[in-house]
Amino acid sequence: MSVQTNRRKLLSGLCAAGLGGLAGCLSSVPGFDSTDVEDGSDVGGTDRTLRLGIMQPLSGDLETVGKPMRNAAELPIRQVEDDIPLDIEYEVADTETSPSAGVQGAADLVAQDYPMVNGPAASDVTLQATQQVLIPYRTVCCSPGATSPTITSLNDAGLVFRTAVSDSLQAVVLADRAANDLGHDSAATLYANNDYGWQLSQAFARSFRTDHGGTVSSQVPLEEGQGSYRAAIRRVREDDPELLVVIGYPETGGQVLSDLGADAEEDILVTDGLQDGDLHDEVDYSLDGIRGTAPLVDGPGTQTFTELFKDEYDAEPGVFTPHSYDASAVLLLANAYAGQNDGTAIRNAMQAVTTGDGEEITPETLAEGIDLAAHGDPVTYQGASSSVGFDGNGDMVDTIFEYWEFDERAAGGTAELERVTS
């Protein structure tokens, strides 16, 4: 059975100030550089509890995305809890789309001895929570939504994974569509003022200039929670770009689209954070025809996941929900295979349960996979978002992107136009 604790304990020994100093001295953390799995007679087998923390934005700018992602993170637990010979205990922390709240949430989970975490979702939250808390305390995390290229180069001792795709790949596809589909050689960006927005804006600009000979006249940041972005729009229009690339999340991006209005002279191109059909209800003109890019959800278990999600929550899956399901599924399999609630052991099992010639496990057979893993049998997970293969940096490999457009008549409010290999 699963046990969810809803309380949020305040930390007495791991205050934010104390944690902040850890990011610069990781080598002093005991066992940080070790790849050994602790031995002990009390590990392994099926007479034990798998412990999973979930960190998702249930409030703030990503609330509308974060709640379905939280549901997807819990779905594997609900799916298998009555069919496996182990217990699962989990707790949800609201990161509030805020790095400081993310650090506190990570500290809460670490203090309660959760060895692994689904999340965080946002890139800037992931960077702070991992560097200040999760990495120093040898806690494995698998983010379903953090896409910043910065995460690839973290000094993380192999503890940070993600089922989301790095924006360094999305930027290339975004620049290609801007030049070769929309036919523009001048552009400007409006980006969420955080690591996700800045890094994707920079990567797009590099690719647009280098690969297509384009000009990026300006890159203008957007502060979260503003009632109007007309001043930012005036700035970005100063050099009359042909194309505006909007990089952000639904709350901020929706306001930008509203402020741009139906009569905008420029073409508009958006990114994965705005692939949200609910924006049709938030903007007072038709968004139909505005295009965007996003990593394609096309795993072996996509259909099964979609059916499970709809049956459990009576709703269509949203952006990053398959990635969130996969993050929980892989972590549970790795914990079962490791045989202990130890971050180092779970880290070492992440590759083992996603590569090799083990029994192929999909969302449809997840309960069987956890049972096999708990008995020490090799398994290879094939997921809902993709086949789920990690490289040496914990990043996804073999990625396909979707070129899409807003279409109010389509299921979910967006329609696929083309599939593009990165």
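Ala188 stands opposite Leu244 in β9, in what is a predicted model. That pair belongs to a region where strand β7 (residues 186-192) and strand β9 (residues 243-247) run parallel and are joined by 5 bridges.

- An open sheet is formed by 7 strands, whose order is β8-β7-β9-β10-β11-β14-β15 and whose pairing is mixed.
- At the edges of this sheet are β8 (215-222) and β15 (414-421), each of which pairs on one side only.
- From one strand to the next, the twist averages 20°.

**Helices across the sheet**
- Helix α6 (residues 195-212) lies across β7, β8 and β9, and its direction is at about 165° to β7.
- Helix α5 (residues 167-181) lies across β9, β10 (267-270), β11 (291-295), β14 (400-406) and β15, and it runs at about 150° to β11.

**Helix α13**
- In helix α13 (residues 366-374), the buried residues are Leu366, Ala367, Gly369, Ile370, Ala373 and Ala374.
- Because these residues cover an arc of only 160° around the axis, they fall on the same side of α13.
- The elements that cover the buried residues of α13 include the helices α2 (63-80) and α11 (321-338), together with the strands β2 (49-56), β12 (359-361) and β13 (379-381).
- After α13 comes Gly376, whose phi is positive, near 85°.

Conventions: Residues numbered from 1 in each chain as written. Predicted model: local features only at pLDDT ≥ 70, side-chain atom pairs only at ≥ 80, totals over all residues. Heavy atoms only, no water. Buried < 20%, exposed > 50% of the residue type's maximum accessible area, 1.4 Å probe, protein only. Helix = DSSP H or I, 4+ residues; strand = E, 2+ residues; numbered from the N terminus. Arc of directions from axis to C-beta. Contact = heavy atoms within 4.5 Å. Pairing = 2+ DSSP bridges. Axes fitted to C-alpha atoms, helices over the stretch in contact; angles between N-to-C directions.
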